[in-house]
Amino acid sequence: MTINNDAPSPLWPSAFEAAIFDFDGTISDTAALWRRVDEDFLGARGFAVPDDYALTLSTLGFSKGAEYTIERFGLHESVESICAEWVRMGRELYEAEATLRPGVVDYIERLRSHGVRVALATTNDPEVLDGLSQVDVASLFDVRVHGREVARGKDHPDIYLEAARRLGADPASCIVFEDIPAALASARAAGMLACGVRSSDPVQDMAQIEREADLVIDDWRDLARP
């Protein structure tokens, strides 16, 4: 089910009591920034960026992503050094360019005004997000869970279950907003309502998003106020 232009009951209370948001691609269009990181990082080592690379990393987080990169490209570097390089490169770009998508702050603030607790669940590194100069992430969410705080990536429900636990919410009372099919499948496996979000990432597979999600939105500005 695709939602546009109205205030559909599945996207407002009392359909859920807590909301969990991904960051990259979902509430901020940062695919182009990470593409530049990938191109600079792999280019400095003599590799082009494979078509499936960004999508694979998107579920893994920094440490698991570094392990995957080392194995795939035969790099003789440590996980720690690669993660530090990614954090430095990402933070520089986020400080200068990252913003939130239009309409998303209004939506989150209205959820909170209706008593809905909200969490950020992201594989991104806290140091990168803390470098944001145009977004106050700390004040927007009640809790934050980063990929390095859970055992497995977003192809498993760990991060969403941890977010629900910190919010004091039953998983069945939560909605998850994501732009990656595997993440939506994990949210549904945890018993949560899964909302797919169209992003600007050219590798996003919307047909698969629609198969995995309970509902899909194209633009945060399409959500009318209750």
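# Questions on a predicted model

Reader: Which residues does Pro171 contact, leaving aside its neighbours within four places in sequence?
Author: Contact means heavy atoms within 4.5 Å. Neighbours of Pro171 within four places in sequence are left aside. What remains is Leu161, Ala190, Gly191 and Met192.

Reader: What kind of model is this?
Author: Residues are numbered from 1 along each chain as its sequence is written, and side-chain values use heavy atoms, with hydrogens and water left out. Local features need pLDDT of at least 70, side-chain atom pairs count only at pLDDT 80 or more, and totals for chains, interfaces and linings use all residues, since the model is predicted.

Reader: Is Pro171 buried, partly exposed or exposed?
Author: Buried means under 20% relative accessible area, exposed means over 50%, and partly exposed lies in between (1.4 Å probe, protein chains only). Pro171 sits in the loop between α8 (158-167) and β5. Its relative accessible area is 24%, so Pro171 is partly exposed.

Reader: How many helices and strands does the protein chain have?
Author: Both are DSSP runs, numbered from the N terminus: helices are H or I with at least four residues, strands are E with at least two. By that rule the protein chain has 10 helices and 7 strands.

Reader: What is the radius of gyration of the protein chain?
Author: The radius is taken over C-alpha atoms, and the globule rule is 2.2 Å times the number of residues to the power 0.38. For 226 residues, a compact globule would come out near 17 Å. The protein chain agrees, with 17 Å.

Reader: What share of the residues of the protein chain is buried?
Author: The C-alpha trace spans about 55 × 35 × 30 Å along its principal axes. The count covers 226 residues. The buried share is 52%.

Reader: How far apart are the end C-alpha atoms of helix α1?
Author: The expected span of a helix is 1.5 Å times one less than its number of residues. Helix α1 (residues 31-43) has 13 residues, so it should span 18 Å. The distance between its end C-alpha atoms agrees with this, at 17 Å.

Reader: Within what arc do the buried residues of α1 fall?
Author: The buried residues of α1 are Leu33, Trp34, Val37, Asp38, Phe41 and Leu42. Seen down the axis, they line one face of the helix, because they fall within an arc of 150°. The arc is that of the directions from the helix axis to the C-beta atoms. So the arc of α1 is 150°.

Reader: Which residues are exposed on the other side of α1?
Author: The buried residues of α1 have cover that includes α2 (53-58), α3 (61-73), α4 (79-97) and α6 (126-130). On the other side of α1, the exposed residues are Ala32 and Asp40.

Reader: With which side chain does Thr69 make a polar contact?
Author: Thr69 lies in helix α3 and is buried, with a relative accessible area of 0%. A polar contact is a pair of N or O atoms within 3.5 Å; within protein, one must be able to donate a hydrogen and the other to accept it, and residues adjacent in sequence count only if both atoms are side-chain atoms. At 2.7 Å, the partner is the side chain of Tyr53.

Reader: What is the relative accessible area of Phe73?
Author: Phe73 is also in helix α3. Its contacts, leaving aside neighbours within four places in sequence, are Leu42, Phe47, Ala48, Pro50 and Tyr53. Phe73 is buried, at 13%.

Reader: In β4, which residue is the bridge partner of Leu120?
Author: Strand β3 (residues 117-122) runs parallel to β4, with 4 bridges joining them. Two strands pair if DSSP finds at least two bridges between them. The partner of Leu120 in β4 is Arg144.

Reader: Which residue's side chain makes a polar contact with the side chain of Arg144?
Author: Arg144 is in strand β4. Both faces of β4 (residues 143-146) are covered: Val143 and Val145 are buried on one side, Arg144 and His146 on the other. At 3.1 Å, the side-chain partner of Arg144 is His146.
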